[in-house]
Amino acid sequence: MKRFLFTIALLLASFVSFSQNFQALQKRDWAFLTRYAEENATVTTTPKVVFMGDSITEFWARQRPDFFAPNNFLGRGIGGQTTSEMLVRFRQDVLEFHPKYVALMVGTNDIAENNGIISLENMMDNIISMCELAKANKIKVLLCSVTPCKEYPWRKEVDPKSKIPAFNALMKEYADKTKGVTYVDYFSALTDGANACKAEYTVDNCHLTNAGYEVLESIILKYIK
C-alpha cells in the first residue's frame with residue numbers, strides 16, 4: 001500500500017511540475033532537446049536498448065531502475081510528448097548511443113491532442129521516419145503498442161478507446177511487412193476486454209502501476225537477445 005501511495009504521489013507531482021513548466025519550456029525548447037542533454041553526456045557505455053517514449057516510459061525508468069540498470073537499458077521518455085517531438089530528438093536521444101535495439105512506445109499523446117489534432121496516418125509517418133532512421137543506423141526496432149487507456153485525466157473530452165486499437169493495428173501492419181521492425185503487443189496483456197486498462201495495472205485509467213510495468217517487462221524481454 002505504501003508503495004502504491006508513493007506511486008500516486010510521484011505521478012501527481014510529475015503532472016503538477018509538467019503543467020507548470022510545459023508552456024514556458026515549449027517556447028524555448030519545443031522538442032525538449034535539453035531534457036537529457038546533460039545525462040547523455042555522462043553515458044560511457046553503449047546501451048543494449050534505448051526505451052524511447054512519453055510519460056509511461058519516463059515513469060517506467062524512474063520507478064523501476066532495477067529493471068533498467070542491470071540490463072544495460074536506457075530510458076529516454078518525456079511526459080506529454082508526441083510523435084513529432086520524439087522524431088526531432090530521436091537522433092540525439094537514440095541514434096548517438098548506437099544501441100542494438102530501440103523500444104519505441106509513442107502515440108498516446110497525439111491521440112490526446114496534446115499538440116492539436118493529428119491523423120493516425122500522420123502519426124504513422126512520424127513512426128516510420130523514426131524506424132527508417134534506426135534501420136539506417138543498424139538499430140533493430142521494437143515497435144511497442146500504445147497501452148490501453150479508458151480516458152485521459154488531462155483531456156477527458158477525447159475518447160482513446162477506439163483510436164488506440166486503430167493506431168496499434170496500423171503499427172502492427174507496418175511492422176509485419178518491414179524487415180528490422182518487430183511489433184510488441186502490450187495492449188492485449190493489459191486490456192480489460194473493453195479497450196480500457198485493467199484496474200490493477202493503472203493508477204489513473206492511463207498511467208501504469210508497478211504491476212503494469214511488470215507485465216511490460218515480461219513481454220519486452222522475450223524480444224531482446
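**Salt bridges and cysteines**

Author: Asp 93 and Arg 89 form a salt bridge through their side chains, with an N to O distance of 2.8 Å. The model is a predicted one, and the values here are computed from it. Both residues belong to helix α5, which covers residues 83–93. They are 4 residues apart, about one turn of that helix. Asp 93 and Arg 89 are both buried.

A second pair sits in helix α8. The side chains of Asp 176 and Lys 172 meet in a salt bridge, again given as N to O, at 2.8 Å. Helix α8 runs over residues 160–176, and this pair is 4 residues apart in it, about one turn of the helix. Asp 176 is exposed, at 55% relative accessible area, while Lys 172 is partly exposed, at 40%. Salt bridges with shared partners also link Arg 35, Glu 39, Glu 58 and Arg 62 into one network.

The next contact joins separate elements. Glu 217 and Arg 64 meet through their side chains in a salt bridge of 2.5 Å, N to O. Glu 217 is in helix α10 (residues 210–220), whereas Arg 64 is in the loop between α3 (55–63) and α4 (65–68), so the bridge ties together parts that are 153 residues apart in sequence. Glu 217 is buried, with 8% relative accessibility. Arg 64 is buried too, with a relative accessible area of 13%. Both assignments follow because buried means under 20% relative accessible area. For the structure as a whole, the number of salt bridges is 8.

The cysteines are the remaining topic. A search of the whole structure gives 0 disulfides. For Cys 197, the closest cysteine sulfur is the one in Cys 149, and it is 8.4 Å from the sulfur of Cys 197. A disulfide needs the two sulfur atoms within 2.5 Å, so this separation is too far for a bond. Cys 197 is buried, at 8% relative accessibility. Cys 131 is also buried, and its relative accessible area is 1%.

To put the pairs side by side: Asp 93 and Arg 89 are buried and share helix α5. Asp 176 and Lys 172 share helix α8, with Asp 176 exposed and Lys 172 partly exposed. Glu 217 is buried, as is Arg 64, and their bridge connects helix α10 to the loop between α3 and α4.

Terms used
Residues numbered from 1 in each chain as written. Predicted model: local features only at pLDDT ≥ 70, side-chain atom pairs only at ≥ 80, totals over all residues. Heavy atoms only, no water. Buried < 20%, exposed > 50% of the residue type's maximum accessible area, 1.4 Å probe, protein only. Salt bridge = Lys/Arg side-chain N within 4 Å of Asp/Glu carboxyl O. Helix = DSSP H or I, 4+ residues; strand = E, 2+ residues; numbered from the N terminus.
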